[in-house]
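Colleague: Could you take a close look at the helix near the end of the numbering and tell me how covered it is? Then set out what you see elsewhere.

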Amino acid sequence: MKFFAVSRSYAAKKKWRAARNQGYLLAGLLLLVKPLHAEIIATVPAQQLSFQIEHLIFSEHDIPPAERQHYRIRNLSYADDTQPQPSRTETVHISDQVFFSEQDIASVKPEFDGREFAVDVHLQETAVEPFAQFTRTHLGSRIALMDHFSGLLFSAPIIQTEINGGRLRISSGLTTLQDAENFAAHLKNHLEIRLLHEHGRLPENFNTVTLASFPLQAAGQIQAWTHPAWRFSQDDAESLIISRRPSTGRMQSLSPDYYEAVIVLKEEAAQRWSRLPETTFYLLDKENRLTGHTIPRVGGKTLYIDLFHFEEQVEHLLWQLKRHP
């Protein structure tokens, strides 16, 4: 695997976007049991990297009053090297039956959590148990989130787990607040949820149709408050390490392996890191843009970035953090 490429072709971008935009429903926690063995497949010296790790707050009201004088406001952008994405078409096998619609929605709310833009959907009380049963019955299946008015395909996520409580979070590759607001408005007014069929003989009550995807915009500006004294960079690090481990459980059907990315700090920086309060930090790329990766403040020299299920996602991370040649 070539994890050290710093230039990306259009085909590589398209392949990575396809992996990113699978749009899995992010409901509940996915628990992965890590095997005891791991294979280190890439070690990048810090001298070849350019990044920042910062504590950011996205609402001024969330700044602790005692710490307010230490925070500084700054404008950031969400890292996305793509151009605005036009609507694309996809031919799918879709159920005649509409299982849920906008009438089952109690509220929708666009949000940004520092990692990504998304829409939180809360179902009506009458739909909570039926939706839990639906997701339990169709584990591993793809569903189509559609706009029945325009025929747009919002997203086609895989049901990874039973969803209880009537709440689901949908990202679907959203990169701007405007995307999330538009997405939320369409979900609230025109949503319908159907089943998709992918393999084998087409069942009865399924039809083959061609749908256009929901158009997305380019990444926009984000305002945040930062604590400059709690900032770390490549100068505080020894290296970035990528490890590969075999997937376990249901994730084997998605990818035979998964990848873990960590940053190893220098000893002095690790001591400074360990003295900070337990809060969330954000990884910024070589152009000081949010990468979508959060780093928990825990002790030790090793800062955990994320798990990845596709080589393209690892290559994209390295492309974001490596210096230009």
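Modeller: In helix H5, the buried residues are Glu 312, Gln 313, Val 314, His 316, Leu 317, Leu 318, Trp 319, Gln 320 and Leu 321. Buried means under 20% relative accessible area with a 1.4 Å probe, protein chains only. H5 spans residues 311–321 and is mostly covered, with nine of its 11 residues buried. Helices here are DSSP runs of H or I, at least four residues; strands are runs of E, at least two. This is a predicted model, where local features need pLDDT of at least 70, side-chain atom pairs need 80 or more, and totals for chains, interfaces and linings use all residues. Numbering starts from 1 along each chain as its sequence is written, and side-chain values use heavy atoms, without hydrogens or water.

Now the sheet. Four strands form an open sheet in the order S1-S16-S17-S20, with antiparallel pairing. Pairing takes at least two DSSP bridges between strands. Strand S1 (39–45) and strand S20 (302–308) are the edges, each pairing on one side only. Strand S16 (residues 237–246) and strand S17 (residues 257–265) run antiparallel and are joined by nine bridges.

Last, the largest cavity. Its lining includes Phe 100, Ser 101, Asp 104, Phe 131, Leu 168 and Ile 193. A cavity is a set of 1 Å grid points where a 1.4 Å probe fits but cannot get out; lining residues have an atom within 4 Å of a point. Strand S6 (100–101), strand S8 (117–123) and strand S12 (191–197) each supply at least two lining residues.

Technical notes. Buried means under 20% relative accessible area, exposed over 50%, partly exposed in between (1.4 Å probe, protein chains only). On a 1 Å grid over the protein atoms alone, a cavity is a set of points where a 1.4 Å probe fits but cannot get out, and a pocket is an open set with protein on both sides within 12 Å along at least five of seven lines; lining residues have an atom within 4 Å of a point.
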